[in-house]
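Dear colleague,

I am passing on the structure below, followed by notes on what was found in it. Please read the notes with the structure open beside them.

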Amino acid sequence: MVFPSGDQYEISAAGYTAVVTEGGAALRVLRHHGRDLVHGFAETEMSTGGRGQLLVPWPNRIRDGRYSFGGQDLQLGLTDPRTGNASHGLARWAPWTLEEHTATSVSLVHRLMAQTGYPWALDLHVLYDLSADGLVVTQTATNLAPDPAPYASGAHPYLCVGDAIEDLELTLPARTRLVLDERQLPTGVEPVGDDLDFTSARRIGDLALDHGFGDLQHVEGRARVTLADPSGGRGVALWVDEHHRWLQVFTPPADGPRPALAVEPMTAPADAFNSGTDLATLAPAGTAGDELSVQWGIHAL
């Protein structure tokens, strides 16, 4: 029997335990002294809602799956039929190959071949590393094609503290948010406003979020999001490096269980293949700038 997400790679260090999967190189489990820091999925299940997945060569949505780059008009498959968009890249369901597995770290690779809508080949690499500082994830892409390639990266962890998010306090160092249409696609950028200002800790309550946040405040190279239980003193933090200029934050619908909050690191916002906002261009293979490496991480509070 093969698990829905393939082989499972467990690592541990300093009270932390993580499980990474062959399928999509996803983060299925992250715990600290037995306490869940992410809301993952069972080894007998497939990921739902993007839980734990890596989002490359773009995160979020591309309007109608269409964009133009390098003089080509391109059409991707519409992987989000509900909204008619291309969603979350091309590698999250692919099998990734184990490169190295130690007690405290695991690295996997995937060669993304040129295909309809994305006619460039990339080598993708991810390293998950645990230490007393928590989990550090390094995502790297290298262009193998003779032409420049558009690229952005993201990830889709769901942070959790206990079993529900309503009484938790969120801190999010963002000063702007995307203005979205009915298909959750951006039409502009505006200040967060009082209703979505989490620069100081604020209770989530029944607030519904599915927003892209930008203009992140990086301190010593990192922007840091915290989710904490003010009554119990427990919490979890997610940080991103300066390549990550955006965070997508999503709450499950208020009419059902809300055990976790998705906080998605993104190097570019939704529909960046059309807007060009913070979109990276990987240089042709073998030339300067043909590779991009970014980092993010999670640790207990």
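**Notes on the model**

Ser47 is placed in the loop between β4 (35–36) and β5 (54–55), where strands, like helices, are DSSP runs numbered from the N terminus (E over at least two residues for strands, H or I over at least four for helices). This is a predicted model, in which local features need pLDDT of at least 70 and side-chain atom pairs count only at pLDDT 80 or more, whereas totals for chains, interfaces and linings use all residues. Residues are numbered from 1 along each chain as its sequence is written, and side-chain values use heavy atoms, with hydrogens and water left out.

**Two buried residues**

With a relative accessibility of 6%, Ser47 counts as buried, a word that here means under 20% relative accessible area, as against over 50% for exposed and partly exposed in between (1.4 Å probe, protein chains only). Its side chain reaches the backbone oxygen of Arg51 at 2.8 Å. Once neighbours within four places in sequence are set aside, Ser47 is in contact with Phe41, Gln53 and Trp93, contact being defined as heavy atoms within 4.5 Å.

Tyr16 belongs to strand β2 (residues 16–21) and is likewise buried, at a relative accessible area of 4%. The side chain of Tyr16 reaches the backbone nitrogen of Ala300 at 3.0 Å. Not counting residues up to four places away in sequence, Tyr16 touches a list of residues that includes Leu30, Arg31 and His32, Leu130, Ser131 and Ala132, and also His299 and Ala300. Between Tyr16 and His33 the C-alpha to C-alpha distance is 6.3 Å, although the two are 17 residues apart in sequence.

**The nine-stranded sheet**

Nine strands form an open sheet with antiparallel pairing, in the order β10-β11-β12-β13-β27-β23-β22-β17-β20; two strands are taken to pair if DSSP finds at least two bridges between them. At the edges are β10 (97–101) and β20 (202–203), each of which pairs on one side only.

A hairpin through three residues connects β10 to β11, and Thr97 has Val109 in β11 as its bridge partner. Elsewhere in the sheet, strand β17 (residues 169–171) pairs with strand β22 (residues 223–228) in the antiparallel sense over three bridges, and there Thr171 stands opposite Thr226 in β22.

**Pockets and cavities**

Grid points are joined across faces, edges and corners, and a volume is the space filled by probe spheres set on the points.

The largest pocket has a volume of about 360 Å³ and is lined by 18 residues, of which Gly49, Arg61, Ser87, His88 and His156 lie nearest its centre. That lining divides into four nonpolar, eight polar and six charged residues, where Ala, Val, Leu, Ile, Met, Phe, Trp, Tyr, Cys and Pro count as nonpolar, Asp, Glu, Lys and Arg as charged, and the others, Gly among them, as polar.

For the second largest pocket the volume is about 180 Å³, and of its 13 lining residues Asp36, Val38, His39, Gly40 and Cys160 lie nearest the centre. Strands β3 (27–32) and β4 each supply at least two residues of this lining, with β3 giving the most, three residues. The lining of the second largest pocket comprises five nonpolar, three polar and five charged residues.

Two cavities of 30 Å³ or more were found in the whole structure. The largest cavity, with a volume of about 40 Å³, is lined by Leu54, Val56, Trp96, Leu124, His125, Val126, Gln139, Thr140 and Tyr151. The elements that give two or more residues to this lining are β12 (122–131) and β13 (134–143), and β12 gives the most, with three. Six of the lining residues of the largest cavity are nonpolar, three are polar and none is charged.

The second largest cavity has a volume of about 30 Å³, and its lining consists of Asn60, Arg61, Leu178, Leu180, Gln184, Gly212, Gln248 and Ala270, which divide into three nonpolar, four polar and one charged.

With kind regards

How values were computed:
Polar contact = N/O pair within 3.5 Å; in protein donor to acceptor, adjacent residues only side chain to side chain. 1 Å grid on protein atoms, 1.4 Å probe; cavity = no way out; pocket = protein on both sides within 12 Å on 5 of 7 lines; lining within 4 Å.
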